[in-house]
Amino acid sequence: LLTVTFVQSQSRTNVETEHQMAATSSSEGGCSSSSAASSSTPYSSPNVPPFHGECYCGAVRLCVREPAPLRSLYCHCKECRRFHAAPLYSTFLLYKDDVTVVYGDEHITYFLQDKMLSGADARINLQRAFCSKCGTRLFNELNLPTAVLKGQLPRLDESKPITQLRASFQSVFFMQESEMPKAYQPTEHVWCSEAIIPLANLSADGLPKNSKSARCPDNILL
């Protein structure tokens with residue numbers, strides 16, 4: 001166990017050193033490689049954007065500049081539970097350009113799905129991104145017909161036929177609840193009809209429990 005721990009720690013150090021050497025003075029809206037690599041912690045500063053997060057091994061680093069997401073929720077659907085190997089997970093939704101890769105793009109692998117969008121007669125192009133070195137789930141990339149999003153999202157550019165979104169995960173950016181800005185804390189549970197955790201165990205958080213997604217016409221509150 002001690003040997004494994006040492007190797008893991010050494011691997012992270014090597015990754016950080018590599019990116020420090022490669023850092024430049026260029027900046028992406030406060031998400032520059034140089035500022036990210038020199039940070040004393042690989043994760044976010046409490047409540048202050050931009051927020052930085054990374055995969056388990058440190059090969060991929062992400063940045064979020066927005067002070068508030070479009071949505072933030074807990075999902076219980078069986079498809080996502082299987083992909084995360086977890087009984088539920090928390091996620092937040094932003095426009096694609098608001099979740100950027102600071103470094104490690106070459107280590108990101110995508111699993112592509114083309115499926116029908118629940119609650120709308122439209123197809124969704126969904127790419128689930130993960131680190132190819134350690135397997136950490138990084139974000140979901142969604143390409144949706146703009147028409148089905150009208151009235152649902154702020155700052156929606158209705159002149160574009162397709163809207164690109166990214167759904168990332170609080171666990172990539174925040175190591176403890178005190179680090180998570182209130183705006184990024186989940187505000188609802190979705191797909192509780194497929195939950196494997198008894199809903200009675202979740203009642204203390206006081207959040208709405210949707211049987212499906214709130215946009216589905218046959219959704220009910222449980």
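## Second largest pocket

In this predicted model, the lining of the second largest pocket comprises 10 nonpolar, four polar and two charged residues. The pocket has a volume of about 290 Å³. Strand S4 (89-95) and helix H4 (170-173) are the elements that contribute two or more residues to this lining.

In total, 16 residues line the second largest pocket. Those nearest its centre are His84, Arg137, Phe169, Ser171 and Val172.

## Overall architecture

The chain contains four helices and 10 strands. Read from the N terminus, the order of elements is α-α-β-β-β-α-β-β-β-β-β-β-α-β.

Of the 222 residues in the chain, 43% are buried. Where contacts link residues at least 6 apart in sequence, 55% of them join residues at least 24 apart.

## Glutamate 141

Strand S8 (residues 137-145) includes glutamate 141. This residue has a relative accessibility of 5% and therefore counts as buried, the cut-off being under 20% relative accessible area.

Two polar contacts involve the side chain of glutamate 141. One, of 2.8 Å, is made with the side chain of arginine 166; another, of 3.3 Å, is made with the side chain of lysine 96. With residues up to four places away in sequence left out, glutamate 141 touches Lys96, Tyr110, Asn125, Leu126, Gln127, Leu165 and Arg166.

## Residues with positive phi

Most residues other than glycine have a negative phi. Arginine 155, although not a glycine, has a positive phi of about 60°. Arginine 155 is located in the loop between S8 and strand S9 (162-168). Its relative accessible area is 52%, so arginine 155 is classed as exposed, for which the value must be over 50%.

Tryptophan 191 is a further residue other than glycine with a positive phi, here near 55°. Tryptophan 191 belongs to the segment after strand S10 (189-190). In contrast to the exposed arginine 155, tryptophan 191 is buried because its relative accessible area is 18%, with the limit set at under 20%.

Notes
Residues numbered from 1 in each chain as written. Predicted model: local features only at pLDDT ≥ 70, side-chain atom pairs only at ≥ 80, totals over all residues. Heavy atoms only, no water. Buried < 20%, exposed > 50% of the residue type's maximum accessible area, 1.4 Å probe, protein only. Contact = heavy atoms within 4.5 Å. Polar contact = N/O pair within 3.5 Å; in protein donor to acceptor, adjacent residues only side chain to side chain. 1 Å grid on protein atoms, 1.4 Å probe; cavity = no way out; pocket = protein on both sides within 12 Å on 5 of 7 lines; lining within 4 Å. Points joined across faces, edges and corners; volume = space filled by probe spheres on them. Nonpolar A, V, L, I, M, F, W, Y, C, P; charged D, E, K, R; others polar.
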